Amino acid sequence: QVRLVESGGGLVQPGGSLRLSCAASGNIFRIVAMGWYRQAPGKQRELVASINAGGGTDYADSVKGRFTISRVNTQNFVYLQMNNLKPEDTDVYYCHGKIYSSVTRWDDFWGQGTQVTVSS
């Protein structure tokens, strides 16, 4: 089985910064892509940022220019650097991975979520 563990959430004032980390472990054959999603109560989970094995990235329009996703392939880590945070960034953030556990089988895996609160 594959496990994703997030860390780095917390409370920050508007304009501040946070860095989220996610470590993937377990039966990993190959990682296709990893990313971050967020979800507010009663709302659908939405993509924040993603990065593929080749280093290609994708960002939600609302975070472009403020958030940066990066990855350490050899250590199966993905990071989300969040700068100039706004109150509307307050959500639970989930790490996601599209991961092959064998040559032929891939699945979507999720972390347990980490709370980010932006408030003065």
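1. The protein has eleven strands and zero helices. The model is a predicted one. Along the sequence, the elements follow the pattern β-β-β-β-β-β-β-β-β-β-β.

2. On overall dimensions, the C-alpha atoms fill a box of roughly 50 × 25 × 20 Å, taken along the principal axes. The radius of gyration is 14 Å, which agrees with the value near 14 Å that a compact globule of 120 residues would have. The accessible surface comes to about 6400 Å², and carbon and sulfur atoms account for 46% of that surface. Buried residues make up 40% of the 120 residues. Of the contacts with a separation of 6 or more, 54% are between residues 24 or more positions apart.

3. The largest nonpolar core has 28 residues, and the members that touch the most other members are W36, L80, M82 and Y93. Several strands each supply at least two residues of this core: β1 (2-7), β3 (18-26), β4, β5 (46-52), β7 (67-72), β8 (77-82), β9 and β11 (114-118). The strand that gives the most is β3, with four residues.

4. L80 deserves a separate look. Leaving aside residues up to four places away in sequence, L80 touches L18, R19, L20, W36, V48, A49, F67, T68, I69 and Y93. Two of these partners, W36 and Y93, are named with L80 among the core residues that touch the most other members.

5. Strand β9 (residues 91-100) pairs with strand β10 (residues 106-110) in the antiparallel sense, over five bridges. The two strands form a hairpin, with five residues between them. One of the bridges links Y100 to W106 in β10.

6. Beyond residues up to four places away in sequence, W106 touches K98, I99 and Y100. W106 and R30 are 76 residues apart in sequence, yet their C-alpha atoms are 8.7 Å apart in space.

7. I31 is found in strand β4 (residues 30-39). With a relative accessible area of 5%, I31 is buried, since buried means under 20%. Its contacts, not counting residues up to four places away in sequence, are A24, A53, R71, N76, K98 and I99. K98 and I99 are also touched by W106. I31 and N73 are 42 residues apart in sequence and 8.6 Å apart in space, C-alpha to C-alpha.

Key
Residues numbered from 1 in each chain as written. Predicted model: local features only at pLDDT ≥ 70, side-chain atom pairs only at ≥ 80, totals over all residues. Heavy atoms only, no water. Buried < 20%, exposed > 50% of the residue type's maximum accessible area, 1.4 Å probe, protein only. Contact = heavy atoms within 4.5 Å. Pairing = 2+ DSSP bridges. Core = buried A, V, L, I, M, F, W, Y, C linked by side-chain atoms within 4.5 Å. Rg over C-alpha atoms; globule rule 2.2 N^0.38 Å. Areas by Shrake-Rupley, 256 points an atom, 1.4 Å probe, with all protein chains shown as cover.
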